[in-house]
Amino acid sequence: MCSFPRPRSGVCSGSETSRELDIVVNIGGSRQVLSGEVLSRYPDTRLAELATQAAGNAEDLSELCDDYGGGEFYFDRDPDAFKCIMEVYHSGEIHMKRGICPACFMEEMEFWGVEPEFLDECCRSNLHDVEEELAEIAEKVQSLLEARERVRAVGVGAWKRFQACVWRLMEQPDSSVAARVIAVISFLLILVSSAALCAGTIPELQTRDALGNPTEPPALVAVDTVCIVWFTLEYLLRFFAAPRKLRFLLSFMNVIDCLAILPYFLLLTLTQLGSALLELSDMQQAVQALRILRVARVLKLARHSSGLQTLTFALRSSCGELALLLLIMGIGVFLFSALGYTLEQSHPDTMFTSIPQAFWWAVITMTTVGYGDVYPKTTLGRCNAAVSFLCGVISIALPINPIINNFVLFYSKQRVLETAAQHEIQLMELRSQEAEVPSRSRRRTHVHKHTLSDAQIPLLEEHSLPTPPHTSP
């Protein structure tokens, strides 16, 4: 039996003994002497329980430590994390050391029996961020696994496998060469369709219809029709292969795809209804609005660009900064437009006829655009313009920096998440392969034995001879 450190005073019992006992612990090669009086401040922790049982000369302490002997207790744990956790016995709170993984640190706290509530607020935020990242990685890994299971599913029917292959072909450009070719074709057709939309507004290229209205040339109409046919076929195939139809329809990018192809068919329907209906002024305005909606095709580029998607998510996460920017600009526009209208009233040729009309001047001045269509003519009005210009520069520059930081952080975070998800998938595949090798060897051995036994039985039955009777000599 190993010898433990003895109490400082000879006449002690119970909790007093555990409080006065010093124990020696070895944490990953780092040897430390801990006071039982300090450890007893939190009796529910592992170290306090260890000190109590060591004071009572308990024989079996293997459940509390990895090894013990010679009055020393050994733990195969992180010594840096242990030093941070020991702060709870002295100051009542814990601070994570820089460079320690928060998830691993929480595992260390759980091992030593220290509650997470002792973690300081500054460190809880880091822990919350790490938990969110781990949840996102788990979600991304789950989505990748679901996508692979849909493709590699053996138990499902041929129709489901075909549907999964179509989904992989249309949604995952990195899955195969054919999927990459389809993605490139879609990207080029988006550019061609946008260029045709712009070229159709050039007066030298336009033609006249029977009513004398300018229309797009037939060549551009044909190009636009080919692009729309491709976009429609792509949308229908993706909808056909989508595992969740409702989620597919409500997705932001799929709504953009629908808006990109819907105006063409609405214009085609209105054209087929006849020219009499198109002569109505309201209907002509509706047609023009539908033609303007065709610019939504440019937004389809975000599907093929991870940078644009990152920008969208970064702007969504920067709603607070954007709201602050709009608030500051709104206050500045109202303030300087009212001052400009008041200061310019003394001039006979003033351009500020009202405060709402001066809003336009305040906006283009604070945003440093300055078209020059509206400008002050008095000295005080020009001073007001100079102050509004400086305030506009400052008010725009202040919230922009956090927005840029959010974009950089989100972009780097997405890269890390994708890499971590891929590594997790590869690790799971390696584990599954390692688990399959022994099972296959056992299965082959079992099949081999089963085959031998099946082959030997008929041979024994076929060539078995009656046993001769035993005769005694």
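Colleague: Why is Asp224 called buried?

Modeller: Buried means under 20% relative accessible area, exposed over 50% and partly exposed in between, with a 1.4 Å probe and protein chains only. Asp224 has a relative accessible area of 7%, so Asp224 is buried. This is a predicted model, in which local features need pLDDT of at least 70, side-chain atom pairs count only at pLDDT 80 or more, and totals for chains, interfaces and linings use all residues. Residues are numbered from 1 along each chain as its sequence is written, and side-chain values use heavy atoms, with hydrogens and water left out.

Colleague: Which residues does Asp224 touch, not counting those up to four places away in sequence?

Modeller: With contact taken as heavy atoms within 4.5 Å, Asp224 touches Ser193, Tyr264, Arg294 and Arg297.

Colleague: What makes Cys165 partly exposed?

Modeller: The relative accessibility of Cys165 is 42%, and therefore Cys165 counts as partly exposed. Cys65, at 4%, counts as buried.

Colleague: Why are α16 and α17 called oblique to each other?

Modeller: Angles under 35 degrees count as roughly parallel, over 145 as roughly antiparallel, 65 to 115 as roughly perpendicular and the rest as oblique. Helix α16 (residues 319-343) and helix α17 (residues 355-366) pack at about 120 degrees, with axes 8 Å apart. The two helices are therefore oblique. The residues of their contact divide into 13 nonpolar, 2 polar and no charged.

Colleague: How many disulfides are counted?

Modeller: A disulfide is a pair of cysteine sulfur atoms within 2.5 Å. By this rule the count is 0.

Conventions: Axes are lines fitted to C-alpha atoms, for helices over the stretch in contact, and angles run from 0 to 180 degrees between N-to-C directions. Helices (H or I, at least four residues) and strands (E, at least two) are DSSP runs, numbered from the N terminus. Ala, Val, Leu, Ile, Met, Phe, Trp, Tyr, Cys and Pro count as nonpolar, Asp, Glu, Lys and Arg as charged, and the others, Gly among them, as polar.
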